[in-house]
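Thanks for coming. Let's have the structure up on the screen, and then I'll walk through a few local features.

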Amino acid sequence: MKVGLILDLDGVICDTAHYHYLAWKELAKSYGIELTEAHNEELKGVSRVDSLKYILSLGDVTLTDEQFQRDLTSKNEHYLQFVMEMGPQHLLPGVPYFFEQVNHFNLPIALGSASKNAQLVLERVGLDKKFTAIVDANTVVNGKPDPETFLKGAEMLKIAPEFCWVFEDSAAGIAAAINGGMKAVGIGTPEQLPAANYHYSNLGEFDFNLLKLGRN
Ligand code: B16
Ligand code: MG
């Protein structure tokens, strides 16, 4: 049976969520808003624009369109300062082993990320050449939980959605996988990701036997 894998980036491959948090926290502070770790959980898998809208709603702050764009840019510049310090040592546990297995079984694999910085982050951690296809926020119209990101990944891999396995750490991403008719593998606990079909604490724990490779 031919299967395809689609990986989220932030929270699955590397912990860039912490850098997003530091950058958003500083911006929120400039509005007089205290952004907490719990708030940051709500921002996982959420687009840059929707993240800023969420933060503004915490303090009933309104911005002009011009201020909104200016603040998106300054947050991103701050975030990129952290990204530029990243290297392969920032891969989450189990990622190198997971990619060894992908190579071993010669599986088609796509990235499906809500980040506009996905290509750069992959280059920093040394994985940019490992993907058959990269789908990110520069190439889709509708973000997660809409399935567009993952359906586009499946199309680029030339694998039917029902044979695609999506690896995600966010509730929005798990919903996107299920909305697209794919298998949803949660990187997190059943409490965090109740809708996922399987749960692991990192990619290295994934059981490749589930893919039933070589059988049909
Ligand atoms: P950017 P993922 C998402 O990446 C992050 O989880 C989310 O927190 C972030 O706001 C979003 O990317 C946009 O990122 O500002 O770099 O375009 O988890 O879908 O890989
Ligand atoms: Mg994520």
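**Backbone, ligand, helix packing**

Start with Lys158, in the loop between H7 and strand E4 (164-168). Helices here are DSSP runs of H or I with at least four residues, strands are E runs of at least two, and both are numbered from the N terminus. Lys158 has phi near 60°, a positive value in a residue other than glycine.

Quick ground rules. This is a predicted model, where local features need pLDDT of at least 70, side-chain atom pairs count only at pLDDT 80 or more, and totals for chains, interfaces and linings use all residues. Residues are numbered from 1 along each chain as its sequence is written, chains are lettered from A and ligands numbered from 1 in the order written, and side-chain values use heavy atoms, with hydrogens and water left out.

Next, a cis peptide bond. It runs from Lys144 to Pro145, with omega near 15°. Pro145 sits in the loop between strand E3 (133-135) and helix H7 (148-157).

Now the ligand. How many residues surround ligand 1? The count is 18, taking residues with a heavy atom within 4 Å. The closest are Val46, Ala114, Ser115, Lys116 and Asn117.

On to packing. Helix H3 (residues 48-58) meets H4 at about 110°, with axes 11 Å apart. Axes are lines fitted to C-alpha atoms, over the stretch in contact for helices, and angles run from 0 to 180 degrees between N-to-C directions. That angle makes H3 roughly perpendicular to H4, a class that covers 65 to 115 degrees. On the H3 side, the contact (heavy atoms within 4.5 Å) uses Arg48, Val49, Leu52, Lys53 and Leu56. H4 brings Phe68, Asp71, Leu72 and Asn76.

Which helix pair is roughly parallel? H4 and H6 are, and the cut-off is under 35 degrees. Helix H4 (residues 65-83) packs on helix H6 (residues 118-125) at about 15°, with axes 11 Å apart. Tyr79, Leu80 and Val83 of H4 touch Leu120, Val121 and Arg124 of H6.

Note on methods
Parallel < 35°, antiparallel > 145°, perpendicular 65-115°, else oblique.
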